[in-house]
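Subject: Structure handover and notes

Hello,

Please find the structure below, followed by notes on what was found in it.

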Amino acid sequence: MKIVFGWRLDGPTYPETPDGSEFSIDAAVVGPRGLLDLLESRLGVNGPGAHPARRIAQYMARLRAIDDGARFYSGSFAADAWATARLLLSWRDDLAAAGWTAGSRSWTSGRLAALARAETLHEPPLAPGLPDRARSILSRVSEANPIEQLTLADDRERLPWVWRRLIDTLADAGARVVRAAPEGARAPGDLAAVQALISGGDAGPLTGDATFAVVRYDNALAGAEVAAEWLAASHEANSEVVIIRQGNGTILDAACRRLGLPKPGGSERSPYRGALQALPLAFETAWRPLDAQRVLELLVMPGAPIPYRVGRCFADVLRGFPGIGGAEWRAAWDRAVDRLRGDLIEEGLDRAQVDGRIRKSVTEWREWLEPERFGRDSGITAKAADKICRKVQSWAMKRAAASGDEIYMPTASAASDLAAAIADSGIDPVSKPLLDRMIDAVVAEGVERPTEVAGAAPWTTVDEAAQIWGRAPAILWWGFAAAESNAASDPWSRAELGELAASGAALRSRDDATALRLDAERGAFLNAGRRMLLIMPAASRTESGATHPVWHELKNLDGLGRTVIEGRALGRGPRRALGACAWETRRTEHRPLPPPIRDWTVPETLIGPRATDSATSLQTLLGCPMRWVLQYQAGLRGTGLLDMAEGNRLKGVVAHEVLARFLAGARPDDAAGVPGVVEPLLDAVAPEIGSPLLLPGRRLDWEDVRRNTIASAVALSATLDRCGLEVMATERELECSLDGRTDLKGKVDVELTDGEGRPSVVDLKWSDRDRYRREEIAEGRPVQLAAYGRLLKGDGDGGLPPAAYFMIKQRRLLAVDSDPFPAESRIEGANLDDVWQAVVAVRKRTLADMAAGRVVAAGVRTGDSESQDAAPDAAVPIVIEPPCRFCEFGRLCGQKALS
């Protein structure tokens, strides 16, 4: 068997076979993992080791077993056991690769002595890493060598000891070991000069003949356009091109797609893609206090464990009432079950089958949404963590079988590896920080974006320059910049290095590791046959903020400026050229976006009144008919799938519910007893509809809610007592006829009655300032109060009952009428009967316009006016400000600019 071996050749390579042919038998190009897999398979020994996360957990257990509090790592281990174990395991693996034998002597260094003690433990076990697998195979190779020829793509002397030993063992067993030499001497022109410099020879001046060229850009989109146009300009030569896709593959894919070229692919692997997030999100639902945002993310993620149609019932509740267990949440369960029942009946199932499926589905949904929860400070039991892992694994495997989507199998594997790592760690319970570390480790490899796989193309792609080990006629290096490096400095002191050397361990320095990689990347330059194009971002645009090390060498070339083209200069004019490679560009005609439209035309009689209206929908209809049509008639929803009540809205939700429960119960006789009643209500309500306020870091927000709610309860209770008002009901659903065809429905916050049995209503509001509500009443447009008064009145005769806002933060009433409310709460300007008559009139007129085919986007500017509102119409008895600030449809009507 013929093998090409290189330190960076695990993955795509060029050439793909040892002899450069399209396919080969009994031959392979491999890196360290590939070589071990091949040898172990041929020799019939154990296969690949455990997931890295499992090895970290196992080593963490060993470090804990020998930790007496005085070890060199004890302090760090107590603060962050996982990170400490991960670092020390990397040290241990480096020592193993250097031929270190832990029990060969007594170690003077406390660090080496501690690592040696951990190494000599038999329990807990430690799965073999790459160095261990290489060492264990040495004796087998000497007995039966399956390799005929081994070609080295790297300098043998730069490799760690165990790999040099493996190469020597293969050679002793009969393998012919040769070095793959770059063939850069055949290159023409400027490329030959570049290769001469890199090889350490004399380089003549560059002439700018485009055999070697650099395009430098400030904008990645512009750089991708140049790369794609270069490929499109010479289709017949692309079979000779090797693309190093080191930069953002998504941008290059898009540029190629616009020109009708195949996608090079190579999108970055990410742990945040689709189904892979099910694992961390499943654990986030198991903590107390609950992070409702994570539950919402679980519900709306692609391929969610709960079907979207029923999951939407829960998601809609969480957006407005972020928590679990409240009345809204229970109602969501009822709606979800009803939807499932309807779907199953439509499938033709009988009653027994429907009931069985519902029981099974509800049980599964509860495991995802309402699992056993654990305190964030106390940690989760290993048994519960294992149950969650198995749940995610089972779901992912079922989804993979049903959908055929490959993204689910890495999720199943990650869940299995996490369960094993938790078991290997021997820790019970597992703290949240440690569990988060473990989850990060098992999903760290991530997955590629499923829609961005490479297309069938004439060229070849590799992920990094070091994967080009042989002659490549033409190279396009996309994203030529310094690669990110996590290499730390050597951790060992001179004394420790001397002790290791005395024991026979040949430890490789970090400099050797860096040089090994840099030599391989220089090899890409030397292997370029006829052309090489570097697409190079400005240093400030790279993630590392640094240029490639080879670029610093190239700066010594005479005439380098003739080969460097700034992307801005290349983009000017109708023709672009890089030496003999030239192509035409087309100027795109710029077309202005259509102007905003105020008056929209629809078919007559298409839009009519709804069967049911509410105070909110009436306010929307009067403020902007266009928004009312889109929201209530067309059923459109905004894109904010993850938008959740926050800030004042969230605080108001909690305070509103607490005050409603407080007023509905028996109130204490004096103000001193109010906190004792309100505080338990706050503790009960917050987890149900305001769980974000209980999360770590939200103490100030929670104190704001608590303080203001208690103070408001005191103030409102005192006011009601002073006015002789009795609470009849809170949060009561009411309904009445609006016009004979439409019913008005709504939930009235607080219903009151005075000593003579006359009703009144109070609407609870949370806001930083009460100016808006004051102006609303003063200007005669308190639509909500009028609607609530109409609901409370019902279908009886007479005027509307008195109504007022109670501003929770300001702890004051803002009343339309002074009777029965305190005189100081009266705001001059509105009469509820007049307001309601105006609402009815404007509603009737607006619906008539819609029936005639005209829908108005009230927020769109008219003519050249800078005012956002249309000129007031004297015939309209009430004018509501268009709700543009809160509207999700501004880009449809044109009021909001496209970005």
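Buried means under 20% relative accessible area, exposed means over 50%, and partly exposed is in between, with a 1.4 Å probe and protein chains only. The model is a predicted one: local features need pLDDT of at least 70, side-chain atom pairs count only at pLDDT 80 or more, and totals for chains, interfaces and linings use all residues. Residues are numbered from 1 along each chain as its sequence is written, and side-chain values use heavy atoms, with hydrogens and water left out.

Overall

The protein chain has 899 residues, and buried residues make up 50% of them. Its C-alpha atoms fill a box of roughly 110 × 75 × 60 Å along the principal axes. There are 31 helices and 22 strands in the protein chain; helices (H or I, at least four residues) and strands (E, at least two) are DSSP runs, numbered from the N terminus. The accessible surface is about 42200 Å², and 49% of it belongs to carbon and sulfur atoms. Areas of this kind come from the Shrake-Rupley method with a 1.4 Å probe, and for residues only the protein chains shown count as cover.

A contact means heavy atoms within 4.5 Å. Among contacts between residues at least 6 apart in sequence, 75% join residues at least 24 apart.

On charges, Lys and Arg count as positive and Asp and Glu as negative, while His and the chain ends are not counted. Each charge is placed at NZ of Lys, CZ of Arg, CG of Asp or CD of Glu. The mean positions of the 112 positive and 123 negative charges are 1 Å apart.

Cores

A nonpolar core is a set of buried Ala, Val, Leu, Ile, Met, Phe, Trp, Tyr and Cys residues joined through side-chain atoms within 4.5 Å. The largest one has 98 residues, and Phe-283, Ile-380 and Leu-418 have the most contacts inside it. Leaving aside residues up to four places away in sequence, Leu-418 touches Leu-279, Phe-283, Cys-389, Leu-435, Met-438, Ile-439 and Val-442. A second, separate core of 49 residues includes Val-761, Ala-787, Leu-847 and Cys-893.

Helix H29 (residues 783-793) has 10 of its 11 residues buried, so it is largely enclosed by the rest of the structure. Among the buried residues of H29 are Gln-784, Ala-787, Tyr-788 and Arg-790.

Cysteines

A disulfide is taken as a pair of cysteine sulfur atoms within 2.5 Å. By this rule the count is zero disulfides. Cys-887 is in no disulfide, and the nearest cysteine sulfur, that of Cys-624, is 6.2 Å away. Cys-887 is buried, at a relative accessible area of 12%. Cys-893 is in no disulfide either; its nearest cysteine sulfur is also that of Cys-624, 6.5 Å away. The relative accessible area of Cys-893 is 12%, so this residue counts as buried.

The loop between E1 and E2

Thr-17 sits in the loop between strand E1 (2-5) and strand E2 (27-30). With a relative accessible area of 6%, Thr-17 is buried. Not counting residues up to four places away in sequence, Thr-17 touches Glu-22, Phe-23, Ser-24, Val-29 and Trp-469.

Asp-26 counts as partly exposed at 39% relative accessibility, and its phi is near 60 degrees, a positive value in a residue other than glycine.

Other backbone points

Most residues other than glycine have a negative phi, and most peptide bonds are trans. Phi of Ala-210 is near 70 degrees, again positive in a residue other than glycine. Ala-210 lies in the loop between helix H8 (189-198) and strand E5 (212-217) and is buried, at 19% relative accessible area.

The peptide bond from Arg-288 to Pro-289 is cis, with omega near 0 degrees. Pro-289 is in the loop between strand E7 (287-288) and helix H12 (292-300). The bond from Asp-428 to Pro-429 is cis, with omega near 0 degrees, and Pro-429 falls in the loop between helix H17 (408-425) and helix H18 (432-442).

Gly-647 belongs to helix H25 (residues 647-664) and is partly exposed, with a relative accessible area of 32%.

Regards
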